[in-house]
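Have the sequence and the model side by side. We start inside the protein and then turn to its strands.

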Amino acid sequence: MIEFSKPTIEYGVLWPLLLIFAVACVGVLVEAFVPRAKRYVIQSVLAGAGVVAAFVGVVFVARDLTVHSDGAARGKLVAEGALAVDGPTVFLWGLILLLAFAGVLLFAERHLEGGLSAFAGQAAALPGTEAERQASARGLDHTEVFPLLMFAVAGMMMFPAANDLLALFVALEVLSLPLYLLSGLARRRRLLSQEAALKYFLLGAFSSGFFLYGVALVYGYAGSMQFAAIDSAMRNTDDNRALLLIGMGMLTVGLLFKVGAVPFQAWTPDVYQGAPTAVTAFMSAATKVAAFGAIMRLFYVAFGSERWSWQPLFWVIAIITMVVGAVLAIAQSDVKRMLAYSSVAHTGFLLTGVLGVTALSERGPGEISSLQAVLFYLVTYGFLTLGAFALVSTVRDSAGETTQLSRWAGLGRTEPVVAGIFALFLLGMAGIPLTSGFTGKWAVFEVAGATGAWPVVVAAVLTSAMAAFFYLRVIRLMYFTEPVGDGPSVTAPSILTSATIALAVGVTVVLGVIPGPVLDLAGRAGEFIK
C-alpha cells in the first residue's frame, strides 16, 4: 500500500504572496455581487490596502530569514522546494509591491478623463458602434482592472521566487494573462489598444510554447525540475549535452521575450503605445523587475555551473539589445514608442550586469556582486520609467493624450514644472551624474568589467552616449522649440497621479545623491539559496 504524504506549506513565510492572491479573488467577488456604482471605491481601496498589508508582511518576513554560510545567504526553501524565499526574493517582493501600489494609484485616476478612468466603459462593445457610445454616455467603467492587476502582481511575486521549472512556468502565465487583457482596455484609441493586446497575446503564447518545450528538454536531461537538482546533474554527468543546451536555449527565449530583449522585442513599442498609459507605466517597470529576478535565479542557481555555455550568448544579446534599442529610439516620433525602445536599451544594460556573475570566493572584500548591482539598477529603472509614463498621461488635448513629440514643442514655456520633471526622468535614463540612473549604470558596468566582459561594457558606454542624444533631443524640443498652434496643454491630475510622480522624482534624486543605503540593502539580501 502506497502511503500518501501531505505537502507542507509554510504559510508564515508565504502569506504576503497569498494575501495578494486573496485580494485578487475577493476583487472578482466584488465584481459579481456589489452594485456597479460602488465598485470603484471598494476595488481601489481593497487593492491599495492589500498591497500595503503585503508590503508590511514582506518586511516582517525579511527580518526573520534564516542565515546561511556565515551570512552570505539568508532564507529557506518552502512549498516542498517549489519556491525559495531568500534575501533577493524579499527585496524583489518589496520593490514589486511599491511599484504595484503606484500602479493602483494610476489605475484609480479619474481627473484626467473628466471623471472617468482611462479604461473602456464596455470592452465587449466594438469600437465605433452604438453600444460603445452608450457605454461612454452612461459613464460605465471597467473596475475589473483592479483584480486583474492583483493577479498580475501575484504572478510577479511568484516569478523570482520560483525554485523549479514548473513553478516558474505557472508564475510566468499568471503574470502574463492579466497583462494581455489590460493592454486592450484603453478608453480612447481602442483599435490601437486591441491590436496591441492581440500582438502581445499571440507573441506571448508563442514564447510560452518555447519555454515549456525547454522545460521538457531540461527535465529529460536532469530528471528533475528542481534548480538544485539540475545544477547537480550538470556537475556530475556529461551525457546528453545537446539536450541540455537546446533546452537552455528555449528557456532563454521565453524569458528574454518577457524582458523585451532583441530579437524578441517586436511587441514592446506596439504594446507600450497601444495600452492605457497607466498599464504601460506599471507593466514596463514591474514586469522587468520580476523577469530579471527569475532570469538571475534560473541562470545563477540551476545553470550556474554551466555559465561558460550561456555567457557568450548573453554577451551577444546584451550588445545587440543596447544597439537596436538606442538606434530605433532615435527614429521615433511618438513619446511612448521612444520610451519603449529606451526600455529595450535598458534591458541590454541589465543583461550587462547579469554577465558579471562570479563565485563568492572570487570577489574581493567590499566588491559588489552582480546580483547586488542588478537589484539596484532595477530600483532605479523601475521608478524612472514609472514616473515618465505617469507624466506622459497628463499631457493632453481634446482627443486625449498627446504622445506625438511634435506636440510637445514649447512645453517648457507653457508648463515649466511638468517639462522640468520629465527632463529629470530623461536625464536619469541617460545616466547623467547626480541621478539614480548614473549610479545604476556605474554598478552594472563595474561588475561586468570585473569578469572580463569589457567588449560589452564598451558597447554599453557607447550606446549610453547614443541614447543621450534622443533624450536631449526631447529636452531641446520642450525648451528651445516654438510651440505648434496653441501649444501643448497639461491636465492637472488628482493627488493619486501626483503622488506617483512625486515618489518617482524623490527616488531618482535621492538615489543619485545618496545611493549607499539601497546599495547596502541589496548587498545584505545576500546570494540565492539552493
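A contact here means heavy atoms within 4.5 Å. This is a predicted model, in which local features need pLDDT of at least 70, side-chain atom pairs count only at pLDDT 80 or more, and totals for chains, interfaces and linings use all residues. Residues are numbered from 1 along each chain as its sequence is written, and side-chain values use heavy atoms, with hydrogens and water left out.

Take valine 153. Leaving aside residues up to four places away in sequence, valine 153 touches Ile20, Ile96, Leu97, Ala100 and Phe282. Val153 is also among the residues with the most contacts inside the largest nonpolar core, as are Met150, Phe159, Leu298, Phe303, Trp408 and Phe422. That core has 178 residues. A nonpolar core is a set of buried Ala, Val, Leu, Ile, Met, Phe, Trp, Tyr and Cys residues joined through side-chain atoms within 4.5 Å. Buried means under 20% relative accessible area (1.4 Å probe, protein chains only). Helix H11, residues 277-302, gives the most to this core: 19 residues. Helices (H or I, at least four residues) and strands (E, at least two) are DSSP runs, numbered from the N terminus.

Now the strands. S2 (residues 73-78) and S3 run antiparallel, joined by four bridges. Two strands pair if DSSP finds at least two bridges between them. Leucine 77 in this pairing stands opposite alanine 84 of S3. Four residues lie between the strands of this hairpin, where alanine 79 takes a positive phi near 55°.

In a regular strand, side chains alternate between the two faces of the sheet. Strand S3 (residues 83-86) is covered on both: Leu83 and Val85 are buried on one side, Ala84 and Asp86 on the other.

Elsewhere, three strands form an open antiparallel sheet, ordered S5-S4-S6. Its edge strands are S5 (400-401) and S6 (489-490), each pairing on one side only.

Terms used. Buried < 20%, exposed > 50% of the residue type's maximum accessible area, 1.4 Å probe, protein only.
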